[in-house]
Amino acid sequence: MSFADNGDDCVEWLGTSYSRMLSADDTGGAMSIVDSVGPPGSGPPRHVHRDADETFVMLSGEAEFWMAGETVVKQVGESVFVPRGTEHTFRVTGDKPSRHLVILTPGGFDGFFYEMAARSLRIPEDMEAVTEAAQRYQLEFTGPPLGAMQQEKGRDVS
């Protein structure tokens, strides 16, 4: 088993850094763990992992999580479990970056972050290529990022 050195296995994609702490190869595919640091306001489009459960463990900052229509804010020392097949997203809130562990069971999805960084793909500009790659990782995008969802909800109210 190898132990990843955060400096050697770190990539940045869309302003968020991803450092593989434990790969699927290290665990025979059972799980992977990624240390992620995202700037304020960052977060992915709404999505579903078809084949993996995802757990977030907050190490610094705070983030708002949306999961299957429910919203919660999590801070240092708290966690969120997202069962496979559950629609979700999150957004880093406050004025400080959020550092959190992303634990995926089974492992393998972490490769998505590394592929996106290697290909320098952007959202929304390269969404067709991002979506095509996501399919290989059993990821389906289902809607906008959390900030955009909130803006749309605000327009509906007015």
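**An aromatic cluster and its surroundings**

Ring pairs link Trp13, Tyr18, Phe109, Phe112, Phe113 and Tyr137 into a cluster; rings of Phe, Tyr and Trp (its six-membered ring) count as paired if their centres lie within 6.5 Å. The model is a predicted one, in which local features need pLDDT of at least 70 and side-chain atom pairs count only at pLDDT 80 or more, while totals for chains, interfaces and linings use all residues. Residues are numbered from 1 along each chain as its sequence is written, and side-chain values use heavy atoms, with hydrogens and water left out.

The structure holds ten aromatic pairs. In one of them, the ring centres of Tyr18 and Phe113 lie 4.1 Å apart with the planes at 10 degrees, so this pair is stacked (planes under 30 degrees apart count as stacked, over 60 as edge-to-face and the rest as tilted). Tyr18 belongs to strand β2 (residues 16-22) and Phe113 to helix α1, so the pair ties together parts that are 95 residues apart in sequence. Here helices (H or I, at least four residues) and strands (E, at least two) are DSSP runs, numbered from the N terminus. Tyr18 and Phe113 are both buried, where buried means under 20% relative accessible area, exposed over 50% and partly exposed in between (1.4 Å probe, protein chains only). Phe112 and Tyr137 form an edge-to-face pair, with 5.8 Å from centre to centre and 75 degrees between the planes. This pair links distant parts of the chain, as Phe112 is in helix α1 and Tyr137 in the loop between α2 and β11, 25 residues apart. Phe112 and Tyr137 are buried as well.

Two arginines also sit over aromatic rings. Arg20 lies over the face of Tyr114, at 3.8 Å from the ring centre, and Arg46 over the face of Trp66, at 5.5 Å. The criterion is that NZ of Lys or CZ of Arg is within 6 Å of the ring centre and within 35 degrees of the ring normal.

The largest nonpolar core has 27 residues, of which Phe56, Phe65, Phe109, Phe112 and Met116 touch the most other members. Such a core is a set of buried Ala, Val, Leu, Ile, Met, Phe, Trp, Tyr and Cys residues joined through side-chain atoms within 4.5 Å. Helix α1 contributes the largest share of this core, five residues. Leaving aside residues up to four places away in sequence, Phe56 is in contact (heavy atoms within 4.5 Å) with Phe65, Glu78, Ser79, Val80, Val82, Phe90, His100, Leu101 and Val102.

Helix α2 (127-136) has two contrasting sides. Its buried residues are Val130, Ala133 and Ala134. Seen down the helix axis, these residues fall within an arc of 105 degrees, so they line one face of α2; the arc is that of the directions from the helix axis to the C-beta atoms. The buried residues of α2 pack against α1 and β11, whereas Glu128 and Gln135 are exposed on the other side.

Most residues other than glycine have a negative phi, and most peptide bonds are trans. After α2 comes Gln138, with a positive phi near 60 degrees. Gln138 is found in the loop between α2 and β11 (139-145) and is partly exposed, with a relative accessible area of 36%. Ala68 has a positive phi too, near 50 degrees; this residue is placed in the loop between β6 (62-67) and β7 (70-75) and is exposed, at 54% relative accessible area. A cis peptide bond joins Thr105 and Pro106, with omega about -5 degrees, and Pro106 is in the loop between β10 (98-105) and α1 (110-119). Another cis peptide bond, between Ile123 and Pro124, has an omega of about 10 degrees, and Pro124 is in the loop between α1 and α2.

As for the chain overall, three helices and eleven strands are present, following the pattern β-β-β-β-β-β-β-β-β-β-α-α-β-α along the sequence. Of the 158 residues, 41% are buried. Among contacts with a separation of 6 or more, 65% are between residues 24 or more positions apart. The accessible surface of the chain comes to about 8100 Å², with 51% belonging to carbon and sulfur atoms; accessible areas come from the Shrake-Rupley method with a 1.4 Å probe, and for residues only the protein chains shown count as cover.
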